[in-house]
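This report describes selected features of one structure, from its strands to its aromatic pairs and its ligand site. Please consult the sequence and the coordinates as shown below.

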Amino acid sequence: MPGLVIVGAQWGDEGKGKVTDLLAERADAIVRFQGGNNAGHTIVREGEEFKFHLIPSGILYPDKTCVIGNGVVLDPRILLGEIDGLRRRGIDVGNLKISANAHLIMPYHVLLDTAGEVKLGKLSIGTTRRGIGPCYADKALRLGIRVQDLLDEKILRTKIRAALEPKQQALRELSVQRRKLRKEAGEGDREAVEQELGDAPDPRLDLHTMTEEHVNYGHRLEPHIADTARVCWEALDAGRTVIFEGAQATLLDLDHGTYPFVTSSNPIAGAATVGAGIAPSDIEEVWGVAKAYATRVGAGPFPTELFEEVGRHMIDKGHEYGTTTGRERRCGWMDLVALRYAVRLNGMTSLAITKLDVLSGLDKLRVAVRYRSREGALLDRFPYHQSILHGAEAEYEELPGFDAELGKCRSESDLPRAARDYLDFVADFVGVPIRLVGVGPGREQVVWRD
Ligand code: IMP
């Protein structure tokens, strides 16, 4: 069973890190294939919390190879911060391999991400402002800087110059805007303005400084830079298990998600082939991870969103604040129309349902089983047209709730009847077995099924 892909089945933050960490026990390599430090994976090991943005979740195992694939966009400053943080905690990162072909998030990408959002105003996407979109845009424009470029100062300088040139206008506008807002803001508001304009590092857009800084990053990253597709092939060809760890999630997919309120990469299972350099036939299993309810950060349609008491219950009990930006997440009931779409799109063979414990204490549970359009039509399928999705109202099946705390459940029989019925209803509806259920943040707080 060599190639296993783990993907988010909803709008992200489903707990993919924890599922990857658990499945990694039986794998030899763990590979990230898309996204960047817009992701945030939290793993709790023996009461100690680890947060990763770029490093694959398998890094806590000293004997596993961890790969940052070519499809990832990588901010070297952030990656080096993560490496240093792990080293300080005594974690060996010698097994970390970084694709020479991965693209770099440069300081101007971070600035342009923020500038784009500010400019969009009410129409903004609510990006993480980490430079993800502008970096992937440069990749498509063939103006990207890649990890391998860090190793050749001359090439690096030439490429940065070429990439900066078409952005001069936008960057000039940004600095004018910055100055204007600074002037308008009183002394007291200055901090807020700075935050609004960007939590980016000091914009050292000077070609010389930027080149020098990145050459230094290259020196530090060099021992990790590798031909990572080959690393994957060697493991797969030897029959070893390789996990491809998705970031973000299906409904944030650039092509198949709720465009334009999506990320700029493809977080679905098929993208593991492009983002890691493997063949479709290398993938044998696809695990989808979904919360027992639904959350979303940033703007965009969310048919089962809750605004009152029950939503608050989910935020408070589920600690629904972003790992990357700290933003409060929007919460809602589980959406089985969207989940069934994600199951088909990814070819999921198994589901992991996380945070079931958060639902305890609710009298009645609801799951969306169809939508009703503005015109009153009933929709069983996830609509492809954005105007229909924006106007869709969820229709629900109501199921009994449960009160018992689930944190100590370790087998299916420990779960209350209503919790088991809830899981069975979900699995039957979407047609995929639920193999793993999360009942708390700890790595031991899981129930394996089958
Ligand atoms: P970007 O990926 O920073 O460009 O943001 C685009 C959209 O994807 C925004 O709505 C973000 O909130 C969302 N997003 C990006 N990464 C994550 C994630 O890891 N979890 C949840 N939402 C995310």
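A residue is called buried when its relative accessible area is under 20%. In this predicted model, that class takes in four of the five residues of strand 3 (residues 41-45), and the strand is therefore mostly covered.

Strand 3 pairs with strand 4 (residues 48-52) in the antiparallel sense, over five bridges. Within this pairing, valine 44 has glutamate 49 of strand 4 as its bridge partner. The two strands form a hairpin with two residues between them, and glutamate 46 takes a positive phi near 45 degrees there.

## Aromatic pairs

Five aromatic pairs are present in the structure. One of them joins phenylalanine 50 and phenylalanine 52: the ring centres are 6.4 Å apart and the planes stand at 15 degrees, so this pair is stacked. Phenylalanine 50 is buried, at 5% relative accessible area, and phenylalanine 52 is likewise buried, at 2%.

A further stacked pair consists of phenylalanine 425 and phenylalanine 429, with ring centres 6.3 Å apart and planes at 20 degrees. Both residues belong to helix 14 (residues 417-430); because they are four residues apart, about one helical turn separates them. Phenylalanine 425 has a relative accessible area of 23% and is partly exposed; phenylalanine 429, at 21%, also counts as partly exposed. Elsewhere, ring pairs link Tyr341, Tyr371 and Phe382 into a cluster.

## Ligand surroundings

Which residues come nearest to the ligand? Of the 15 residues around the ligand, these are Asp13, Asn38, Thr128, Thr263 and Arg327. By class, the shell comprises six nonpolar, seven polar and two charged residues.

Glutamine 248 contributes a polar side-chain atom, placed 3.3 Å from a nitrogen atom of the ligand. On its own, the ligand has 460 Å² of accessible area, and the protein covers 97% of this area.

Key. Residues numbered from 1 in each chain as written. Predicted model: local features only at pLDDT ≥ 70, side-chain atom pairs only at ≥ 80, totals over all residues. Heavy atoms only, no water. Near = heavy atom within 4 Å. Polar contact = N/O pair within 3.5 Å; in protein donor to acceptor, adjacent residues only side chain to side chain. Areas by Shrake-Rupley, 256 points an atom, 1.4 Å probe, with all protein chains shown as cover. Nonpolar A, V, L, I, M, F, W, Y, C, P; charged D, E, K, R; others polar. Buried < 20%, exposed > 50% of the residue type's maximum accessible area, 1.4 Å probe, protein only. Pairing = 2+ DSSP bridges. Phe/Tyr/Trp six-rings, centres within 6.5 Å; stacked < 30°, edge-to-face > 60°.
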